[in-house]
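Here is a short report on how the parts of this protein pack together. Please keep the sequence and the structure at hand while reading.

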Amino acid sequence: MYDDDFGGPYVPPERTRATRMFPARSRASGRGFVIAQLRASAAWRQLIFESDLERKCLLVLLSQIAVVNIWDQPPQITYRNEGGKPTFHTFDFLVTLEDGKRIAIAVKPDGLVERNGFDREFALIKTQTPKQFADDALLVTDSSFSAAEVRNAELLHMFRQGEDAEADAAVQQILRGMNCETSLGQVVAAAGLQGRAFRSGFKAIFDGIVLTDLSLPVTEASMLSMPEAR
């Protein structure tokens, strides 16, 4: 089969590396997967999530330029709980950064953390996580990222699903010729490629080619500057 969007034969994504699989159907959670191309591999890979909060966390992680690899549902670790009993824990994601640091991530809703006191349990998990497994551990909740961060990450993931080398090259040429702050809308207009240019400009921001305020939703009104200008 030939894929016109990618300019070559269709290659199916690699399967998830998850060591724990969840049931396909559940009344209590929004389970699914995303297909992403991580910097650590040339192949696209399936990454699973077990809730909408995990989906949001995964997309935000994928939007971070420092993230090179993500292992969904990595091997479980053993720790002793508050009663001293050996217990197992499976992190939701194990993230590798470009400097080689590995961060184990547990994703829990704020309400569950408050009701069950999971923050105390997580403190035990974090201190007992083997250094050969991860350099650090992080608890991610609903308040760990903003609606703007999630919205930007969702759009970025969608824009990355198809390649457009022509638009990317045209937009990057304009961006590298900037000598002052310029709006994304002005770049789109200069490229003359409408939505294609917007998608390429959007991706260029997250590729670190230009900077903008990512605490806000990225729109045509977003002001862009070159990294060395700040």
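## Packing of two helices

Helices α5 and α6 are oblique to each other. This is a predicted model. The angle between α5 and α6 is about 125°, and angles of 65 to 115 degrees would count as roughly perpendicular, those over 145 as roughly antiparallel.

Which residues make the contact? On α5 they are V171, I174 and L175. On α6 they are V187, A190 and A191. By class, this contact has six nonpolar residues, with no polar and no charged ones.

## The largest nonpolar core

The largest nonpolar core holds 24 residues. Those with the most contacts inside this core are C57, L58, L62, I70, F93, V95 and I105. Several elements each supply at least two of the core residues. The strands are β3 (32–37), β4 (44–49), β5 (67–72), β8 (93–97) and β9 (102–107). The helices are α1 (52–62) and α4 (147–159). Helix α1 gives the largest share, seven residues.

Take L58 as an example. Leaving aside neighbours within four places in sequence, L58 is in contact with V34, L47, I48, F49, I70 and F93. Two of these partners, I70 and F93, are also listed with L58 among the residues with the most contacts inside the core.

## A second core

There is also a second, separate core. This one has 23 residues, including L156, F159, M178 and V210.

Is H157 buried or exposed? H157 is buried, because its relative accessible area is 18% and the cut-off for buried is under 20%. H157 lies in helix α4. Not counting residues up to four places away in sequence, H157 touches V34, I35, A36, L59 and L62. Of these, L62 is named among the residues with the most contacts inside the largest core. V34 is also a contact of L58.

K203 is found in helix α7, residues 195–206. The residue is buried too, with a relative accessible area of 11%. Which residues does K203 contact, leaving aside its neighbours within four places in sequence? They are L156, F159, R160, G162 and D168. L156 and F159 belong to the second core.

Technical notes
Residues are numbered from 1 along each chain as its sequence is written. This is a predicted model: local features need pLDDT of at least 70, side-chain atom pairs count only at pLDDT 80 or more; totals for chains, interfaces and linings use all residues. Side-chain values use heavy atoms; hydrogens and water are left out. A nonpolar core is a set of buried Ala, Val, Leu, Ile, Met, Phe, Trp, Tyr and Cys residues joined through side-chain atoms within 4.5 Å. Buried means under 20% relative accessible area, exposed over 50%, partly exposed in between (1.4 Å probe, protein chains only). Helices (H or I, at least four residues) and strands (E, at least two) are DSSP runs, numbered from the N terminus. Contact means heavy atoms within 4.5 Å. Axes are lines fitted to C-alpha atoms, for helices over the stretch in contact, and angles run from 0 to 180 degrees between N-to-C directions. Angles under 35 degrees count as roughly parallel, over 145 as roughly antiparallel, 65 to 115 as roughly perpendicular and the rest as oblique. Ala, Val, Leu, Ile, Met, Phe, Trp, Tyr, Cys and Pro count as nonpolar, Asp, Glu, Lys and Arg as charged, and the others, Gly among them, as polar.
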